[in-house]
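Dear colleague,

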Amino acid sequence: MAGHSKWANIQHRKGRQDAARSKLFSKLSKEITVAAKMGDPDPDKNPRLRLAVKEAKSVSVPKDVIDRAIKKSQAGEGDDYEEIRYEGYGPGGVAVIVEAMTDNRNRTASNVRSTFTKNGGNLGETGSVGFMFDRKGEVTYPLSAGDNDTVMMAAIEAGAEDVESTEDGHTIYCVDTDLNEVATALEAELGESNSTKLIWKPTTTTELDLEGMQKLMKLIDALEDDDDVQRVTVNFEASDEVMEQL
């Protein structure tokens with residue numbers, strides 16, 4: 001299984017603490033406010049907002065929090081945020097992409113750079129690791145959505161590019177610009193997805209041992225702790241033995 005999927009599973013197993021959960025809710029709310037500000041406040045007429053709301057619902061963000069985030073956009077909040085991507089290397093030479101949303105570019109750049117340095121990483125120029133990832137749409141379904149053949153056929157019909165089925169569920173990938181269309185077609189066939197979002201999918205991975213994974217997790221946790229950081233993507237690969245020891 002690719003590293004990014006494994007990382008999601010580690011986080012799930014760790015059972016994120018309440019503080020981390022509240023931070024996640026806050027980040028997803030920010031994305032909803034900005035998405036609503038940039039387009040229509042109706043998710044049905046605004047694909048980016050629809051995806052943001054779907055991602056929020058997938059981690060059980062309450063409906064009133066989502067509604068409040070959309071209302072904030074109408075009240076003029078979200079005007080000052082800009083989206084920035086940082087790229088660099090983590091422990092063991094793992095490629096790291098950090099997506100941030102900030103109202104103070106200097107503060108965020110300084111914090112991200114400092115976090116990389118303190119945790120055995122190295123912030124690079126934009127584009128320094130981006131070539132090791134493809135921008136893709138990702139739709140995930142539980143195993144109960146159907147057997148492998150059923151999901152594969154639905155994905156082909158919907159215009160998806162690839163399907164990965166494992167004991168954790170089905171992950172369907174598509175061209176980034178087709179995500180809204182593919183997700184809508186999949187819903188008609190398979191029902192509501194677990195999550196629908198844009199991701200950076202690694203095209204090449206770096207193998208890490210237990211010590212390397214522990215250092216990388218420390219860096220990722222520190223980055224995700226920053227209020228301006230929306231998401232972190234890495235291209236690690238690790239054996240099942242290593243993952244079980246974490």
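Before the sheet is described, one term is needed: two strands count as paired if DSSP finds at least two bridges between them. Please also keep in mind throughout that this is a predicted model.

With that term in hand, you can trace an open sheet of four strands, which follow one another in the order β3-β1-β2-β9 and pair in an antiparallel way. The edges of this sheet are formed by β3 (122–123) and β9 (229–234), each of which pairs on one side only. Helix α5, which covers residues 105–118, packs on the sheet and touches β1, β2, β3 and β9, while its direction makes about 20° with that of β1. Within the sheet, strand β1 (residues 82–89) and strand β2 (residues 95–102) run antiparallel and are joined by eight bridges.

Let me now turn to the salt bridges, of which a search of the whole structure finds 16. One of them is formed by the side chains of K54 and E187, with 3.2 Å from N to O. Because K54 belongs to helix α3 (residues 47–58) and E187 to helix α7 (residues 179–190), this pair ties together parts that lie 133 residues apart in sequence. K54 counts as buried, since its relative accessibility is 9% and the cut-off for buried is under 20%, whereas E187 is partly exposed at 23%. Both residues also belong to a network of salt bridges that links R50, K54, E187 and E192.

A second pair to look at is K63 and D67, whose side chains meet in a salt bridge at 3.0 Å, N to O. These two residues are four apart in helix α4 (residues 63–74), so about one helical turn separates them. Here K63 is exposed, with a relative accessible area of 60%, and D67 is partly exposed, with 29%.

Finally, which residue does E87 meet in a salt bridge? The partner is R85, and the N to O distance between the two side chains is 3.0 Å. E87 counts as buried at 1% relative accessibility, while R85, with a relative accessible area of 31%, is partly exposed.

Terms used:
Residues numbered from 1 in each chain as written. Predicted model: local features only at pLDDT ≥ 70, side-chain atom pairs only at ≥ 80, totals over all residues. Heavy atoms only, no water. Contact = heavy atoms within 4.5 Å. Axes fitted to C-alpha atoms, helices over the stretch in contact; angles between N-to-C directions. Salt bridge = Lys/Arg side-chain N within 4 Å of Asp/Glu carboxyl O. Buried < 20%, exposed > 50% of the residue type's maximum accessible area, 1.4 Å probe, protein only.
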